[in-house]
Structure formats: structure tokens, C-alpha cells
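Hi there,

Here is the structure I promised to pass on to you. Have a look at it first, and then read my notes below.

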Amino acid sequence: TAKTRNNYLNWLMSLCNWMVGSGYLDRNPALTISKLREREKFRKVMSKKDMSVLSSYLNDRDKNYLLACYILYYTMIRPNEMSYLRIQDFNLKNQTVFVSHEYSKNRKDAVVTVPKKVIMLMVELGVFDYPGHYFLFGKKFKPSEKQESGKIFRDRWLQVRKALGFPSEYQF
């Protein structure tokens with residue numbers, strides 16, 4: 001994408017500036033490379049009405065995916081990070097979840113507060129009846145010994161978005 005190319009160009013310009021400053025180059029050759037125009041992001045914030053429609057739809061048809069939506073919305077844990085969550089990462093007493101540096105985007109450990117609403121849905125779904133080493137989201141978004149890719153969240157979102165007639169600007 002244009003954004004990726006421009007980011008690499010910025011890195012190259014910085015490297016060449018350092019090389020000029022250190023005497024390795026006479027001039028910065030990256031200055032002759034122009035940046036590409038970047039498109040605006042096409043994401044749109046979901047309206048309260050549509051949020052309510054989504055909640056009702058998932059509450060009736062797919063509570064396991066509703067849990068995934070709750071975790072994303074209330075904890076800001078990214079879909080790929082969610083695919084690594086294990087049941088043992090949740091602390092019911094403190095209402096927190098531990099996100100390991102091994103799979104977090106910023107490569108730092110984090111303890112994130114989990115709202116009571118999310119914990120209650122997890123209890124309702126019987127999540128804590130599974131062994132602690134199980135991944136929270138396996139096939140059909142149920143706890144499983146086998147880890148699924150973070151792609152499952154977006155794939156299911158495409159189905160839900162189509163069923164509800166939501167615009168493509170609504171991203172998971």
C-alpha cells in the first residue's frame with residue numbers, strides 16, 4: 001500500500017541522512033523519491049442503533065461470537081491477540097485478563113480489566129468449566145484445545161455484517 005511504501009521511504013531517508021552526516025554519502029539519494037498519495041481510512045464508527053441491532057442479533061443467534069465482540073469492545077484486545085487467550089489468563093477474583101508479550105502487538109505484558117458484563121457472559125456460556133489450558137476461542141468461538149487463527153473473527157464478522165445489511169465501513 002501507499003502507506004507501507006511511504007513508511008519504508010521515511011526509514012530510507014533517515015538512513016541516508018545518517019550516512020550523509022557520517023560521511024558515507026555526499027548527498028541523500030532518497031530525496032529524489034516522491035511519496036505516494038495515501039487513501040483515507042474507510043472505517044466508520046458504528047451507530048448506537050446498529051450496535052443495539054448487532055447485540056440483539058448475536059444474543060439470539062451466536063452468544064459465543066457476542067463474547068468475542070464484547071472482549072474486543074470492552075478490553076481493546078486485538079483479534080489476533082484474542083486468538084491466543086487461554087482460559088487460565090482470566091482472573092475472576094480481580095476481573096482481569098493477562099495478555100502476554102509473546103503475542104501482543106507491542107511486545108509488552110499487560111493486565112486488562114474485564115467488565116462484569118463480559119465475565120457474566122463467560123459464566124453463562126460455561127467458559128470456566130473447560131480446562132485452563134484451553135484457548136478461549138476455538139471452532140465456533142467455543143473453548144478448545146486447538147488454537148484458531150485471528151482470521152476467524154473477521155470471517156465471522158463478514159457473515160454477520162452481510163446478514164444485518166451493515167455497510168462495509170463497519171470493521172470488526
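Predicted model: local features only at pLDDT ≥ 70, side-chain atom pairs only at ≥ 80, totals over all residues.

Helices here are DSSP runs of H or I with at least four residues, and strands are E runs of at least two, numbered from the N terminus.

Which residues of H3 and H5 make the contact? From H3 come Lys63, Leu66, Leu67, Tyr70, Ile71 and Tyr74, and from H5 come Lys117, Val118, Leu121, Met122 and Glu124 (contact means heavy atoms within 4.5 Å).

Now for the strands. S1 (residues 90-91) and S2 (residues 96-99) run antiparallel and are joined by two bridges; strands pair if DSSP finds at least two bridges between them. Their hairpin has four residues between the strands, and Gln95 there takes a positive phi near 55°. S2 is also joined to S3 (residues 110-113), again antiparallel, by four bridges. Val97 of S2 stands opposite Phe90, and its bridge partner in S3 is Val112.

A note on the numbers: residues are counted from 1 along each chain as its sequence is written, and side-chain values use heavy atoms, leaving out hydrogens and water. Local features need pLDDT of at least 70 and side-chain atom pairs count only at pLDDT 80 or more, while totals for chains, interfaces and linings use all residues.

Enjoy exploring!
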